[in-house]
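This briefing goes through one protein model by topic. Please keep the sequence and the coordinates to hand while reading.

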Amino acid sequence: RNKKADKIRMLYWEDNGFWLLYKRNEKSRFVFPGISNDAIVLSISQLQWLLSGMDFTQQEKPEKLYFSRFY
């Protein structure tokens, strides 16, 4: 992220190379936890929360659903 936390860049590895992903938030900032290392590892749901502008560190993981029957 940049210093103002309104832009984010991500690298995504696919079979034969990297994708560079870039997003700019024009109205607000991305919410990040305190960064202690050079990289942050996120789950898919945490990444979705981060890109939508939510504080992903305060979100709870939803409970897993178990179905016994399908109609």
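The model is predicted, not experimental. Strands S1 (7-14) and S2 (17-24) pair in the antiparallel sense, and a search of the whole structure finds 1 salt bridge.

**Strand pair S1 and S2**

- The antiparallel pairing of S1 with S2 runs over 8 bridges.
- The two strands form a hairpin, with 2 residues between them.
- Within this pairing, Tyr12 has Trp19 of S2 as its bridge partner.

**Nonpolar surface patch**

- Four residues, Leu11, Trp13, Phe18 and Leu20, make up a nonpolar patch on the surface. Together they have about 520 Å² of accessible area.
- Strands S1 and S2 are the elements that give two or more residues to this patch.
- Trp13, one of the patch residues, has its place in strand S1.

**Salt bridge**

- The side chains of Arg24 and Glu26 meet in a salt bridge, with an N to O distance of 2.8 Å.
- Glu26 has a relative accessible area of 64%, so it counts as exposed.
- Arg24 reaches 48% and is therefore partly exposed.

- Asn25 is found in the loop between S2 and helix H1 (44-51).
- Is Asn25 buried or exposed? Its relative accessible area is 16%, so Asn25 is buried.
- The Asn25 side chain makes a polar contact of 3.2 Å with the side chain of Ser28.
- With neighbours within four places in sequence left aside, Asn25 is in contact with Asp6 and Phe30.

**Ala5, in the segment before S1**

- Ala5 lies in the segment before S1 and has a positive phi of about 60°, although it is not a glycine.
- For context, most residues other than glycine have a negative phi.
- Ala5 counts as buried because its relative accessibility is 7%, and the limit for buried is under 20%.

**Lys23, in strand S2**

- Lys23 lies in strand S2. Its relative accessibility is 36%, so Lys23 counts as partly exposed.
- Which atom of Leu51 lies 3.0 Å from a polar atom of the Lys23 side chain? It is the backbone oxygen of Leu51.
- Leaving aside neighbours within four places in sequence, the contacts of Lys23 are Asp6, Lys7, Ile8, Phe30 and Leu51.
- Lys23 and Arg1 are 22 residues apart along the chain, and their C-alpha atoms are separated by 9.6 Å.

**Leu50, in helix H1**

- Leu50 is found in helix H1. At 2% relative accessibility, Leu50 is under the 20% limit and therefore counts as buried.
- Beyond neighbours within four places in sequence, Leu50 is in contact with Ile8, Phe30, Val31, Phe32, Leu42 and Phe56.
- How many residues apart in sequence are Leu50 and Val31? They are 19 residues apart in sequence, with 6.7 Å from C-alpha to C-alpha.

Technical notes:
Residues are numbered from 1 along each chain as its sequence is written. This is a predicted model: local features need pLDDT of at least 70, side-chain atom pairs count only at pLDDT 80 or more; totals for chains, interfaces and linings use all residues. Side-chain values use heavy atoms; hydrogens and water are left out. Patches are made of residues with over 30% relative accessible area and no salt bridge: like charges are joined within 9 Å, nonpolar side chains (Val, Leu, Ile, Met, Phe, Trp, Tyr) within 5 Å. Accessible areas come from the Shrake-Rupley method with a 1.4 Å probe; for residues, only the protein chains shown count as cover. Helices (H or I, at least four residues) and strands (E, at least two) are DSSP runs, numbered from the N terminus. Buried means under 20% relative accessible area, exposed over 50%, partly exposed in between (1.4 Å probe, protein chains only). Two strands pair if DSSP finds at least two bridges between them. A polar contact is a pair of N or O atoms within 3.5 Å; within protein, one must be able to donate a hydrogen and the other to accept it, and residues adjacent in sequence count only if both atoms are side-chain atoms. Contact means heavy atoms within 4.5 Å.
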